[in-house]
Amino acid sequence: LTSSLAAKRRSASAVLAFAQMERAPRSAMRIVVLLALTIAASSYLLTLIATKDTRTVDAATFAVGADFSGPIPTGDSTKTFAALKTQYSHVSGVQSATLGYYANIETPDSVIRIEALDADTYAHTALWTPQNSSQPLSVFTTQLVSHRTDATTHDVVYALVDSAMWQRYHLSVGERFSVPVTDTNSLHLSFIALAEVNTLPRLYDTPINPAGGIGMLVDYQSYVTAYTKASGVSLTPNALLLRTKSDAASLASVRKAFPALSDRRQLTIDNQQNSVHLD
């Protein structure tokens, strides 16, 4: 078929080439095999590049958990929760700001990370992917808000628990459990397992590593209420997460206002340019 098509184009070299292939079918088979291998190798290479680029973005998203995250600026440590929420929400380029309190509690067999975040805004700020949970984050935050009164009336805080901690404590939905909330392990609070999630952003853990971190996410207001009642000490926010616009002017404004925060977009660029990552 190819020979006859080449003959119609009156190209001597094409006619001779395809005529030779027609007389020696093994040569044609070899060319077909080489073509197939070339296509397979190209497909593999393109898949590898796409996987590498996607992995870079996913790793940065997990490490930051939002567009920006990190500790609250030192100069704002004495301001109230309401004042900080208003201040950060009005920074140019910021679409949503979430305040919270992070604590890493060392126990004899593990490190428990407690993330107490403002459930009113967290779903609008965080980058929650299907890897974290199959259910939308907004479903969980709505439930956390609905149980705020339990912290006052029953001295209990509802929590989203990651898989590693869920397995370590052998939890079930609705079960009550107690964990230390200070490094001295002298103060314990009661929690209720609201749901199990696969992972929590920024928390690298493993259920089989005794020294690995495990963690849970709770509503900030609920946690502060229960903590203050149990200890007599009032907690102040120490963590900030931001969802921002992506244009250059907005990013420049946010980076100038919060130079110490982890920047998801910049981290992605850094990973893409990292020589070890490229190798």
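Visitor: Which residues is Phe 177 in contact with, leaving aside its neighbours within four places in sequence?

Guide: With those neighbours left aside, Phe 177 is in contact with Val 161, Met 165, Leu 171, Leu 189, Ser 190, Phe 191, Ile 192, Ala 193 and Met 216, where contact means heavy atoms within 4.5 Å. This is a predicted model, in which local features need pLDDT of at least 70 and side-chain atom pairs count only at pLDDT 80 or more, while totals for chains, interfaces and linings use all residues. Residues are numbered from 1 along each chain as its sequence is written, and side-chain values use heavy atoms, with hydrogens and water left out.

Visitor: OK, and how many residues are in the largest nonpolar core?

Guide: The largest nonpolar core has 44 residues, and those with the most contacts inside it include Phe 177, Phe 191 and Met 216. Such a core is a set of buried Ala, Val, Leu, Ile, Met, Phe, Trp, Tyr and Cys residues joined through side-chain atoms within 4.5 Å, and buried means under 20% relative accessible area, exposed over 50% and partly exposed in between, with a 1.4 Å probe and protein chains only.

Visitor: Which strand gives the most to this core?

Guide: That is strand β2, residues 94-106, which contributes six residues; strands (E, at least two residues) and helices (H or I, at least four) are DSSP runs numbered from the N terminus. Another core, of 22 residues, lies apart from the largest one, and Tyr 158 and Val 197 are among its members.

Visitor: Switching topic, where does Lys 245 lie?

Guide: Lys 245 is found in the loop between β8 (239-244) and α10 (248-257). Not counting residues up to four places away in sequence, Lys 245 touches Gly 93, Gln 95, Ser 250, Leu 251 and Arg 265.

Visitor: Why does Lys 245 count as partly exposed?

Guide: Lys 245 counts as partly exposed because its relative accessibility is 42%.

Visitor: And what is the place of Leu 48?

Guide: Leu 48 belongs to helix α3, which covers residues 25-64, and Leu 48 is partly exposed too, with a relative accessible area of 45%.

Visitor: Stepping back, what radius of gyration does the protein have?

Guide: The protein has 28 Å, whereas a compact globule of 279 residues would have a value near 19 Å; the radius is taken over C-alpha atoms, and the globule rule is 2.2 Å times the number of residues to the power 0.38. Along the principal axes, the C-alpha atoms fill a box of roughly 95 × 45 × 35 Å.
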